[in-house]
Amino acid sequence: MARFVNIQTNFTSGEIDPLIRSRVDLESYKNGLEVAKNVICQPQGGVSRRPGTRFITELGGSPENGVRLVHFEFSVDDSYMLAFTNNRMYVFKNKALITNINGSGNNYLTTTIASAQLSTMCYTQSADTLIVVHEDIIPKKIVRGANDATWTISNITFDSVPQYAFSLSTSNPAANITPSDVSGKVTITASSGVFNSGHVGQYINAEPQGRAKIIQYNSSTSVNVVTEFPFFNTSAISSGNWELETGYEDVWSVSRGYPRSVTFHQGRLFFGGSKSRPSTIWGSKVALFFDFEAVEGLDDDAVEATLDTNTFNAIVDLISGRDLQVFTTGGEFYVPQEGLTPITPTDFFLSSTSRNGTKEGIRVKQLESGVLFIQRQGKQLSEIAYSDTQLTYITSKISLLSGHLLKNPTRMDIRRAVATDENDLLLIVNGDDGTMAVYSLLRAQNVIAPSEFVTNGSYIDVGVDITDIYTVVKRIDNSTNKYYIEVFDDTILTDSAVTGTTASLDASHIDGQTVHVISDGFVEEDQTADSAVTFVTQPTTLGEVGMPFDVEVKTMPVDLRIQTGTRIGFKKRIVEVNALIYKTQNLVINGNLVPIRTLGAGVLDTAVPEFTGTKVLHGILGYSNEGQITVTQSAPMKFTLLGLEYKLATHQGT
């Protein structure tokens, strides 16, 4: 029998894919975990119990058919989480529901945005206005009024809409025409009546040269035009030497559909794709957000471009970053800009960055390093970042070592770090099993540490209001599915929790469920929620009632080597574990409860003190081929594991 000492100083690789099981040569293997359930990986290397969630309210408006969380930041002091359900919008601020919207007595705003449109709707914000788009509805603007409870919604009225010839045709009217000038704003006069009001937006083509768009109908013999290519001179152009090009119509309409994606960029409002023109992007005039008619070709005029590549590229998202970036089902693109040169009609074109394709309905998210997006089939998380050395965009696969955590992703949001003990948290809701893949990211140090959040129910959506993480959760209440708005809270140790200092707390939203009961930090016996849950000892500081969730941290199978470099493949037994912990109250290692509290007078029925230091566990029984350590908890208490040092015994028996 031989004994060896092994040390895992950090867990900065998080939970890694079972496909990496044999890659003991990777540094990620040494710092990784086989299981990281309901924990968050810290930038310093440890893992902590995830926050619990505080129950806010039940959602109405048929949330089972669709729900969408949208962040809205009105000012430094006023930010909101908007929850859309069928024809409704709920407003949350500071972890509470805003009631009596517009003095109506309702706790929601009526929107006319149907459930079926929520999964793929897109949105962007400027000042007090949120713009919402979907290919089946007229673009809408939602405006916050004088206070938290004042909100309005209306269809956008465009000053002008771009046009496209869906059924192009030409004709040669029997009349001569005479332009008043060769270029710019020109009046065309015909020798006989050939024009009508339906010709506005159509074109006149002349020989030997000249092309102009009709912008105003004056009479059957007179129209005002703007030249796209100047006339040769102001002489009369005889019949047969000019043609009327028709078939142009508004590109957005009830019959043609509406924009699918939207963003603001460099003083313009951009729409990406529509139901009838899925690969075209339009930009408004500068500072005239609802004027999309390209008239004079000046630098501040409206812009338009279509992705003509060898693949189908339906635009699903736009984002304003270093450049205007365009995400499609067939690849990722950007609008090149040289230096500080703004976008103009003469240089508006798109270049390709990658050919991954982006999944519709999952908004891309920006990091300081680049932009994160879910690949079209939902099996890969990627990042596009600009390389100053290569002067181009580079794509990297963030989920390369953790692809097993992505199970049909449906929503994604990011909580940016605000302290040195936090990483950026990328939260991804999985549609297959209702779990949440959580990536703890510190890209400057190349830290990608995923874990998995699991709850007694299913996560449906997630949204971040600056630092507050809201989630929509499907839970069971008396055998009935309910959809709740909850918010992750660092002071909470259970899920869907309610808190207070009264003798009992209302837990009617989780009737029939087993709940943890915590009074002033002391964990009482579990109860079954039946409307009100009564404490054994009434709390004086804080009482909590909520649903339990399991915490599990499991190391990778140990890979030992003797000095010659030969791997030890025999069975192993962990005989001693030194666990370095921080402010921890409860710890179980390989099924053995590690004592935290020191017994003495007056310690019973009181909160377990937080312990920081090393806890030693001896006498762990059982040999295995893997030699793994599983760290769990037996009670809802604080837990942070910084590292593990352990001794293993090996032998050559079978």
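How much accessible surface does the chain have, and what share of it belongs to carbon and sulfur atoms? The accessible surface comes to about 27,700 Å², and 48% of it belongs to carbon and sulfur atoms. Areas were computed by the Shrake-Rupley method with a 1.4 Å probe; for residues, only the protein chains shown count as cover. The model is predicted: local features need pLDDT of at least 70, side-chain atom pairs count only at pLDDT 80 or more, and totals for chains, interfaces and linings use all residues. Residues are numbered from 1 along each chain as its sequence is written, and side-chain values use heavy atoms, with hydrogens and water left out.

The chain has 2 helices and 54 strands (DSSP runs numbered from the N terminus; helices are H or I of at least four residues, strands E of at least two). Its C-alpha trace spans about 110 × 70 × 40 Å along the principal axes. Of the 654 residues, 53% are buried (under 20% relative accessible area, 1.4 Å probe, protein chains only).

The largest pocket holds about 1,300 Å³ of space. A pocket is an open set of points on a 1 Å grid over the protein atoms alone, where a 1.4 Å probe fits, with protein on both sides within 12 Å along at least five of seven lines; lining residues have an atom within 4 Å of a point. Volume is the space filled by probe spheres set on the points, which are joined across faces, edges and corners. The lining comprises 47 residues, and Ser-48, Arg-49, Pro-51, Asp-490 and Thr-491 lie nearest the centre. Strands E5 (47-49) and E41 (480-489) are among the elements that give two or more residues to this lining.

The second largest pocket holds about 800 Å³. Its lining has 31 residues, with His-71, Tyr-123, Arg-363, Val-364 and Lys-365 closest to the centre. Strand E7 gives the most to this lining, with 5 residues.

Aromatic pairs number 24 (ring centres of Phe, Tyr and Trp, its six-membered ring, within 6.5 Å; planes under 30 degrees apart are stacked, over 60 edge-to-face, the rest tilted). Phe-158 and Phe-292 form an edge-to-face pair, 5.9 Å centre to centre with 75° between the planes. The two residues are 134 residues apart, and the pair links distant parts of the chain. Phe-158 counts as buried at 19% relative accessibility. Phe-292 is buried at 4%.

Technical notes:
Buried means under 20% relative accessible area, exposed over 50%, partly exposed in between (1.4 Å probe, protein chains only).
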